[in-house]
Amino acid sequence: DMTEEEAKDLVYEAISAGIFNDLGSGGNVNLCVITKGKSEVINGYAKENARLYRKPSGYPFAPGTTAVLKSTFAKPLSAIAVVGDATVQGMDTS
């Protein structure tokens, strides 16, 4: 058996491993403890890979900073045709 704190630590370690091995995961560890009759969400249990370079006010980018090289607009198809036989066949399990 595991105590609640041991379970939190195990989940924290697993999520942290994911954060450090996936650049798109973000940096916060949030937990949800589910026990009989209740659940508790713990936001900000840990902050891994904090982004220290981020400005609270954001970064202002003037219009035209990134040039649009090409843009194309296409109309959606008005009808979709299904071609072929869609008969479902049973699998032989003998």
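How many salt bridges does a search of the whole structure find? The count is two, and Lys8 takes part in the pair with Glu4 as well as the pair with Glu5. Keep in mind that this is a predicted model.

## The overall layout

Start with the fold in outline. The chain has one helix and two strands, and reading along the sequence gives the pattern α-β-β. The helix is α1, residues 4-21, while the strands are β1 (28-35) and β2 (38-47).

Now some totals. The chain has 94 residues, and 12% of them count as buried. If you take the contacts with a separation of 6 or more, 28% of them come from residues 24 or more positions apart.

Helix α1 has 18 residues and spans 26 Å from its first C-alpha to its last, close to the 26 Å expected at 1.5 Å a residue. Its buried residues are Lys8, Tyr12, Ser16 and Ile19. Looking down the axis of α1, these buried residues fall within an arc of 70 degrees, so they line one face of the helix.

What do the buried residues of α1 pack against? They pack against β1 and β2. Over on the other side of α1, Leu10, Ala14 and Asn21 are exposed.

Ser16 sits in helix α1 and has 6% relative accessibility, so it counts as buried, the cut-off being under 20%. Setting aside neighbours within four places in sequence, Ser16 is in contact with Val29 and Glu48.

Ile19 has a list of its own: not counting residues up to four places away in sequence, it touches Ser25, Gly26, Gly27, Asn28, Val29, Glu48 and Asn49.

## The nonpolar core

Which residues make up the largest nonpolar core? There are seven in all: Tyr12, Ile19, Val29, Leu31, Val33, Ile42 and Ala46. The elements giving two or more residues to this core are α1, β1 and β2. The most comes from β1, which gives three residues.

Tyr12 and Ile19 belong to this core, and they are also among the buried residues of α1.

## Back to the salt bridges

Glu4, Glu5 and Lys8 are linked in a network of salt bridges. Between Lys8 and Glu4, the closest N and O atoms are 3.5 Å apart. For Lys8 and Glu5, the closest N and O atoms are likewise 3.5 Å apart.

Why can Lys8 and Glu4 be described as about one helical turn apart? Because they are four residues apart in helix α1. Lys8 and Glu5 are three residues apart in α1, so they too are separated by about one helical turn.

Glu4, at 39% relative accessibility, counts as partly exposed.

Key
Residues numbered from 1 in each chain as written. Predicted model: local features only at pLDDT ≥ 70, side-chain atom pairs only at ≥ 80, totals over all residues. Heavy atoms only, no water. Expected span 1.5 Å × (residues − 1). Buried < 20%, exposed > 50% of the residue type's maximum accessible area, 1.4 Å probe, protein only. Arc of directions from axis to C-beta. Contact = heavy atoms within 4.5 Å. Core = buried A, V, L, I, M, F, W, Y, C linked by side-chain atoms within 4.5 Å. Salt bridge = Lys/Arg side-chain N within 4 Å of Asp/Glu carboxyl O.
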